[in-house]
Amino acid sequence: MVDVAIRKPVLAGRQGGSATVRLTVAPAASRVALRAPAESLAALSKALGFTLPNAPKTSSRAGARAALWIGPDEWLVIDEDGADLMAVFSGVRAMHSATDVSHRNVAIIVSGPGAEKTLAAGCPQDLSRSSFPVGAASRTIFGKAEIVLLRTDEETFRVECWRSFSDFVFGLLNEADHDAGH
């Protein structure tokens, strides 16, 4: 009999928050860093099953799959059902670069009426609903860590960060929530 080491997911079992903010670790997801010129967007959109967003601070979604605009020719594609996104992109003949970053990133869900205020404690971006409405997405920072932020509903944000920074980001979110007096 061979002993097989079972790898414990980063942030496994971590919870945080208060009466007005809930911090939870999102389930594992497939992620691809996608780069492509404008002339490839139609073919890539067809493969994904929805139109890739092409404006700053926007995202597109169909079911469990979302694409977040990160730059003029860059997107973070997330499939919360864990679909093989590399297989989706491998059949596209249009010029593009797709890199699987599923194991690089971790997502933390920040939800509740105090979510915006908690994130604002460490993020320089205006997160008010008028400037960062539902569906808004942006690469930004939280504390000293680079994150990708997506507002999924009025009181919920998805914070994507690198695994190596996840403990720092989670702890800082928890501290920001408590400092905000929630």
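Q: Which residue in β10 is the bridge partner of R139?
A: Start with the terms. Strands are DSSP runs of E with at least two residues, helices are runs of H or I with at least four residues, and both are numbered from the N terminus. Two strands pair if DSSP finds at least two bridges between them. Here, R139 has V148 as its bridge partner in β10. β9 and β10 run antiparallel and are joined by six bridges.

Q: What kind of model is this, and how are residues numbered?
A: It is a predicted model, where local features need pLDDT of at least 70 and side-chain atom pairs count only at pLDDT 80 or more, while totals for chains, interfaces and linings use all residues. Residues are numbered from 1 along each chain as its sequence is written, and side-chain values use heavy atoms, with hydrogens and water left out.

Q: How many residues lie between β9 and β10 in their hairpin?
A: Two residues separate them. G143 sits in the turn, with a positive phi of about 65°. The next hairpin, β10 to β11, also has two residues between its strands. Six bridges hold that pair in the antiparallel sense. D153 stands opposite T156 in β11.

Q: What is the strand order of the six-stranded sheet?
A: Read across the open sheet: β1-β2-β8-β11-β10-β9, with antiparallel pairing. Which strands end it? β1 (15-17) and β9 (137-142) stand at the edges, so one side of each has no neighbour in the sheet, and each has a single partner strand. The twist averages 30° from one strand to the next; axes are lines fitted to C-alpha atoms, for helices over the stretch in contact, and angles run from 0 to 180 degrees between N-to-C directions. Further in, β2 (22-25) pairs antiparallel with β8 (105-111) over four bridges. L23 faces V110 of β8 there.

Q: And what is the order of the five-stranded sheet?
A: This open sheet runs β4-β5-β6-β3-β7, with antiparallel pairing. β4 (59-62) and β7 are at its edges, each with a single partner strand, so one side of each lacks a neighbour in the sheet. Its twist averages 20° from one strand to the next.

Q: What volume does the second largest pocket have?
A: A pocket is found on a 1 Å grid over the protein atoms alone, as an open set of points with protein on both sides within 12 Å along at least five of seven lines, whereas a cavity is a set where a 1.4 Å probe fits but cannot get out. Grid points are joined across faces, edges and corners, and the volume is the space filled by probe spheres set on the points. For the second largest pocket, that gives about 190 Å³.

Q: Which residues of its lining lie nearest the centre?
A: Lining residues have an atom within 4 Å of a point. There are 14, and R104, R139, E146, V148 and W162 lie nearest the centre. β6 (74-79), β10 (145-153) and β11 (156-162) each give two or more residues. The lining divides into eight nonpolar, one polar and five charged. Nonpolar covers Ala, Val, Leu, Ile, Met, Phe, Trp, Tyr, Cys and Pro; charged covers Asp, Glu, Lys and Arg; the others, Gly among them, are polar.

Q: How many disulfides does the structure hold?
A: A disulfide is a pair of cysteine sulfur atoms within 2.5 Å. The structure holds zero. The sulfur of C123 is 13 Å from the closest cysteine sulfur, in C161, which is too far for a bond.

Q: Is C161 buried or exposed?
A: Buried means under 20% relative accessible area, exposed over 50%, and partly exposed in between, using a 1.4 Å probe on protein chains only. C161 is buried at 1%. C123 is buried too, at 6%.

Q: Where are G91 and K57?
A: G91 is in the loop between α2 (85-90) and β7 (97-100). G91 is exposed, at 53%. Its C-alpha is 8.1 Å from that of A47, 44 residues apart along the chain. K57 is in the loop between α1 (41-48) and β4. K57 is partly exposed, at 32%. Phi of K57 is near 60°, a positive value in a residue other than glycine.
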